[in-house]
Structure formats: C-alpha cells, structure tokens
Amino acid sequence: NVLDFGIVCIGIISIFVGLARGDDGGGGGALTAFRAFRVLRPLRAISRIKKLKYIIGAFLRSLPSLADASVLFLFLVVVFGVLGIEVLKGQFHNYCTDASGVHDEDRLCSKQPLKGHGCPWGQTCETHYKSLSWLKGDEYEAPNLGYVSFDNIGLAALTIFVCITLEGWTDVMYNTYDVATTATPIPIWSGYWILLIVFGAFFLTNLLIIIINQAYYASIEAEQAAAEAEKSKMANFALPKWGKELIAEKIRTADVAAEEHPPWAWWRLIFYNIVSNKWFTRTITACIVVNTAIMCIEHAGQPLWVEEFGGTCNSVFTWVFVTEMVLKLIG
C-alpha cells in the first residue's frame, strides 16, 4: 500500500508540474525524472497477485537471516582470497616468451616446468605486468583483461565470486594448474578447488535457498494466522448481519489481505464492498497491464502522435489510480 501510494503521488505531481510548465505531452513533459518513475507502476501488481505477494514478503522477511549468511559468505571469500594471494600473486602474468616476445597469450606457464605448464624449447616463462609496460614495452595482462587474478584482495574476491557462480570456474582452475610450482603442486590446488566449490557453490547457495524457503512458508502461516485473528475480532463489533457475513466470507475466501482491516462503520462497508470485489481488483490489474504495455511502445525516433498518445494515457491512468486510492482510503 505504501508503494502504491508513493507511485500515485508521483504521477499526480508529474501531471501538475507539466500543466504548470505548459507541456502538451502530458505527465510532466520534459521532466524525465518524474516520467521515469512510471516504470514502478507494474510493481503495483505485487499486492494483487497473492503468491507473488508471498514471495516478496518472504524475501523481506528473510533479509535478517540473509545478512548472517552474507557474513559467512564474506568470510569464505576472504579466506580463500587471502590463500590465493599468498601463493598466486603475480603468477597469472606468466607467459611463454621468446626473442620476438610473448609466444602464447592464451595460456599461462610455470617457471618450474615439471610442476605446471612448461614452455616449448627455445622459450622461457617470464612475468609480464602491464603496469610495467613503460619499462618493458609489454601490453599483456592477466586472463580476462586482467580481472581474473590473485594480485590483490579485490581481484581475488572477484575471482572467487565468479568461481562460486560456476561460470567459467574451470578455466581459472586450469590456470592455477598451469602456474603450479613446488610450493603449490597440482594436488594442493585440487583440494583448494574442491573445498571452494563444495562450500561456496553448493553449501552456501543451498543455504540461501533454504532461508528464503523457510521465510516463504512463515509468510504464508503469518498471513493465515492474521486472517483468523481478524475473523475472531469481527465478532466483538456491532455490525449488521449482512456486514458480518460479507467480511467473514471475504476473509474465508482470502479476498482480504491479512493486514487490511475491514471498516466497522456501516456506511464505509459500501465502499469496502466495492474495492474488495474481485472484479474491481481485476479491473485495476488490467489497467496496470495496459499502462505497462503502452509504456513499452515508446522508442527512439517515435512520431509525435505516439508521444502524445502515451502522455494522454499516462494522465488517464494516473487519475484512475487516484480514484482507486480514494475509494480504498474510504473503504
């Protein structure tokens, strides 16, 4: 409801500011900042699609637990990142070099050929830093334009995060095998990657899913408990019989959200009956969908009539949503 109220208020402000400026395009004219807020209107469907509302509620409910899991994730990234820095800083700049320069830019090498990837005969494994290009004239970086390396904690954290997403992590693993030395042989790196993938990609990822899943079912249970409490609360108020039957039926059929309290004044029940009717909700939802579709037809180089049509529709839908807000405030 707060989101709906904010979106409607922004629409009203954009219309009146546009009228004050004398714009013909409707909805604020050149005030791009206000017009951009129209993209929030599809979010109003959240309160009308029950299961979508449960999902958003579950996400918000799970934020405290997700914060705890994020601390664990940060700890994992720092531990594996520092370990990588200690043994791999600068190693992702090793390339096979001959008299003409770097021979193979796509594969790293080890300065101990018997432990990692050795260079062919006549070539040596040398380190090439782009930061030292003013000394050597080299323009070679670490893999992926220099973003995949363990040169510092920032790049190491980025590399660890990419590997946890399982997107191209095998390429990074093979790079660590290529630069392996006596101090860091391939078996050690195999254990490093097994632990990282098991705890990072599998354990932590599933932990986040479990947290959100529990919050989802907790959100549903809380919604049902609130509806039952509202139903029992209704019995303590003096209402006409038809009013009690109306509210009880809407609570029973879950047409009323748990946080929406039916009015206890008989004259407000008329408006309540209007705004809680399923056809009223479907009509407003249809308006949101049509408004979103009209916003999607805007494009670069559009003719003037498209801009005017969009501005007119924006004004119309704004007043439709204002009317809805007023009816809901009364009911």
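1. Trp189 and Tyr192 stand three residues apart in helix 7 and are therefore separated by about one helical turn; helices here are DSSP runs (H or I, at least four residues), numbered from the N terminus. Both residues are buried, that is, under 20% relative accessible area with a 1.4 Å probe, protein chains only.

2. The model is predicted: local features need pLDDT of at least 70, side-chain atom pairs count only at pLDDT 80 or more, and totals for chains, interfaces and linings use all residues. Residues are numbered from 1 along each chain as its sequence is written, and side-chain values use heavy atoms, with hydrogens and water left out.

3. The structure holds 10 aromatic pairs, meaning Phe, Tyr or Trp rings (for Trp, the six-membered ring) with centres within 6.5 Å; planes under 30 degrees apart count as stacked, over 60 as edge-to-face and the rest as tilted. In one of these, the ring centres of Phe80 and Tyr192 are 5.3 Å apart and the planes lie at 70°, so the pair is edge-to-face. Phe80 belongs to helix 3 (residues 50–88) and Tyr192 to helix 7 (residues 186–234), so this pair ties together parts 112 residues apart in sequence.

4. Trp189 and Tyr192 are also edge-to-face, because their ring centres are 5.0 Å apart and their planes are at 80°. One aromatic cluster is formed by Phe80, Trp169, Trp189, Tyr192 and Trp193.

5. In helix 10, the buried residues are Phe280, Ile284, Cys287, Ile288, Asn291, Ile294 and Met295. Seen down the helix axis, the buried residues of helix 10 fall within an arc of 130° (taken from the directions from the axis to the C-beta atoms), so they line one face.

Technical notes: Helices (H or I, at least four residues) and strands (E, at least two) are DSSP runs, numbered from the N terminus. Buried means under 20% relative accessible area, exposed over 50%, partly exposed in between (1.4 Å probe, protein chains only).
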